[in-house]
Amino acid sequence: MAALALVLAPLLLLAIPAAAPARATLPAGAVGPTAGTLGCRLYFNDAGTGSSPTVWQDTFTLTQSPAAPKVGDTVTVTLTAKTGPDNGPVGLNAGDVPVNVTLALGGSLSGSATLRMSSYPARAVAPEAPLGPVTATGTYFASAAGAATLTVGRVTFTNASATTHCSAAGDRDHKAAPAPTSIVESFTVGGTGTATPPPSPSASATPSPSAKPSSSAKPSLSLPPSATDDPPTATDEVDTPAQPFGPKSVKLNCKTLNSLSSWTATHTLSMSPSNPGRGAKVTVRLKFSAGPKSGPVPVGAGDLVPKATVKVGGVGSGTVNLQGPAYGAIDANAVLPGATLTGTYTTSQAGLVSLTVTNIVFDHPQVDTECNAGADPVTGPAATSIVAKFTVKSRAATGDEGEGGGGNGDGSLPNTGEGGVTALLLLWSSAVLLLGVGLVVVLPRRRGIPRS
């Protein structure tokens with residue numbers, strides 16, 4: 001269940017300069033710890049001009065490594081916030097609001113870099129409580145020697161229901177018109193001349209934005225209108241380990257006609273590729289060790305097909321339909337064999353994506369068995385605890401990741417893109433099913449309404 005995105009609690013607008021001794025102890029290439037205040041707005045489905053203006057007051061630190069970069073270095077940048085913003089009136093689960101930070105490069109450098117904290121908050125947070133420390137990390141390429149600056153432009157907290165954008169103090173449209181913050185680090189890139197960034201894995205990828213523009217180009221420190229529109233780069237991110245689910249024992253409830261039963265099996269939910277770029281076709285796999293028990297009537301070969309519905313959350317939206325091969329002949333009152341179900345969908349936005357199994361169906365031409373976490377899986381379905389996560393990088397998909405497309409032919413639904421929500425499609429027939437005990441029952445005649 002997607003929790004409502006955080007709504008930052010109102011705070012007094014107060015900026016306290018950092019004490020000089022504290023700054024003097026920091027290494028080169030660092031700013032803070034320094035108190036600062038950012039302005040924020042809440043955007044439902046990350047659309048519109050924002051609402052519920054609030055302020056976020058915290059102690060920020062910006063560091064880079066190496067602290068004194070030279071031309072040709074790939075520099076790691078980290079932004080930390082001591083307490084994080086306050087949660088809104090709805091509790092959040094761990095990992096519900098990934099953090100993206102847009103960083104402007106200035107002086108001898110140009111363009112932007114993206115810092116990320118893919119799983120935030122680190123723990124479940126109650127309403128109106130601080131979300132906890134922020135540590136967002138990314139990289140940029142030191143392309144030219146000379147005096148340079150790093151400026152935090154915008155901080156974005158992304159949730160499946162809403163997004164909070166923050167920039168410099170004051171109330172404005174922080175998504176479309178962010179103002180650079182006072183978190184600025186000045187330093188010098190050593191060496192001489194310029195360097196070419198490493199090539200992107202994709203031949204069609206845009207060169208790194210930190211490269212020095214040509215003489216005809218007009219450098220700009222303005223931020224793009226949306227974090228999702230940042231130019232794809234190969235040097236501002238590192239691979240983020242995916243979080244597949246299982247193998248883990250899961251207990252679900254099943255219903256066939258008016259019979260209810262429980263089903264316990266070992267489930268594994270995974271995705272491939274596990275760290276794709278935008279526009280990649282991702283294959284989702286659900287594997288279970290054994291199915292529920294069949295009913296009192298034998299099932300003919302090819303008549304029973306395992307299917308599942310997976311909800312895409314985080315920065316993605318929509319559903320993915322999974323399907324496994326049809327079962328062979330099944331005896332009466334036999335435990336169904338295990339199966340592997342697959343489907344695909346196409347990524348869109350960069351950031352953390354969650355995959356939640358919401359329903360598993362054993363599809364028969366005459367009667368289905370519905371399995372999920374609901375006490376009554378048909379009239380009161382509930383998403384399962386089978387949840388996997390992975391991160392979509394801001395670069396474009398490579399050739400190996402396939403071209404996006406989706407569609408029903410490969411068992412997937414097309415992603416609706418930024419802010420879209422595809423209706424959850426349940427694999428139920430249009431006839432009323434009286435939920436059952438998870439028995440796969442074969443009726444003597446077929447339904448007259450074809451399945452979609």
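Is Cys254 buried or exposed? Cys254 is buried, at a relative accessible area of 0%, where buried means under 20% relative accessible area, exposed over 50% and partly exposed in between (1.4 Å probe, protein chains only). The model is predicted, and local features need pLDDT of at least 70, side-chain atom pairs count only at pLDDT 80 or more, and totals for chains, interfaces and linings use all residues. Residues are numbered from 1 along each chain as its sequence is written, and side-chain values use heavy atoms, with hydrogens and water left out.

Cys254 forms a disulfide with Cys371, the sulfur atoms being 2.2 Å apart; a disulfide is taken as a pair of cysteine sulfur atoms within 2.5 Å. The torsion about the S-S bond of Cys254 and Cys371 is about 115°, so this disulfide is right-handed. The pair links distant parts of the chain, with Cys254 in strand S10 (residues 245–256) and Cys371 in strand S17 (residues 369–372), 117 residues apart. Helices (H or I, at least four residues) and strands (E, at least two) are DSSP runs, numbered from the N terminus. Cys371 is also buried, at 0% relative accessibility.

The count of disulfides comes to 2. In the link between Cys40 and Cys166, the S to S distance is 2.1 Å. This link of Cys40 and Cys166 is right-handed, with 110° about the S-S bond. Cys40 belongs to strand S1 (residues 30–44) and Cys166 to strand S8 (residues 162–168), so the pair ties together parts that are 126 residues apart in sequence. Cys40 is buried at 1% relative accessibility, and Cys166 is buried at 0%. With bonded cysteines counted along the chain, the disulfides follow the pattern 1-2, 3-4.

Aromatic contacts were examined next. A pair of aromatic rings is described by the distance of the centres and the angle of the planes. Rings of Phe, Tyr and Trp (its six-membered ring) pair if their centres lie within 6.5 Å; planes under 30 degrees apart count as stacked, over 60 as edge-to-face and the rest as tilted. A search of the whole structure finds 6 aromatic pairs. In one of them, the ring centres of Trp56 and Phe157 are 5.3 Å apart and the planes are at 70°, so the pair is edge-to-face. Trp56 lies in strand S2 (residues 51–65) and Phe157 in strand S7 (residues 144–158), so parts that are 101 residues apart in sequence are tied together by this pair. Trp56 is buried at 2% relative accessibility, and Phe157 is buried at 0%. Phe288 and Phe362 also form an edge-to-face pair, because their ring centres are 6.0 Å apart and their planes are at 65°. Phe288 is in strand S12 (residues 281–293) and Phe362 in strand S16 (residues 351–363), so the pair ties together parts that are 74 residues apart in sequence. Phe288 has a relative accessibility of 1% and counts as buried; Phe362, at 0%, is buried. One aromatic cluster is formed by Trp56, Phe60, Tyr120 and Phe157.

Strand S2, which holds Trp56, pairs with strand S3 (residues 74–81) in the antiparallel sense over 6 bridges. Two strands pair if DSSP finds at least two bridges between them. Thr61 stands opposite Thr80 in S3. Strand S3 in turn pairs with strand S6 (residues 134–141), in the antiparallel sense over 8 bridges, and Thr78 stands opposite Thr137 in S6.

Backbone features were found in both strands and loops. A cis peptide bond with omega of about 5° joins Ser65 and Pro66, and Pro66 is placed in the loop between S2 and S3. Ser272 and Pro273 are likewise joined by a cis peptide bond, with omega of about 0°; Pro273 is placed in the loop between strand S11 (259–272) and S12. Ser52, a residue other than glycine, has a positive phi near 50°. Ser52 is found in strand S2 and is partly exposed at 36% relative accessibility. Leu257 has a positive phi of about 55° although it is not a glycine. Leu257 is in the loop between S10 and S11 and is partly exposed at 28% relative accessibility.

Gly295 is placed in the loop between S12 and strand S13 (305–314). Gly295 is buried, with a relative accessible area of 0%. The C-alpha atoms of Gly295 and Asn333 are separated by 5.0 Å, with the two residues 38 residues apart along the chain.
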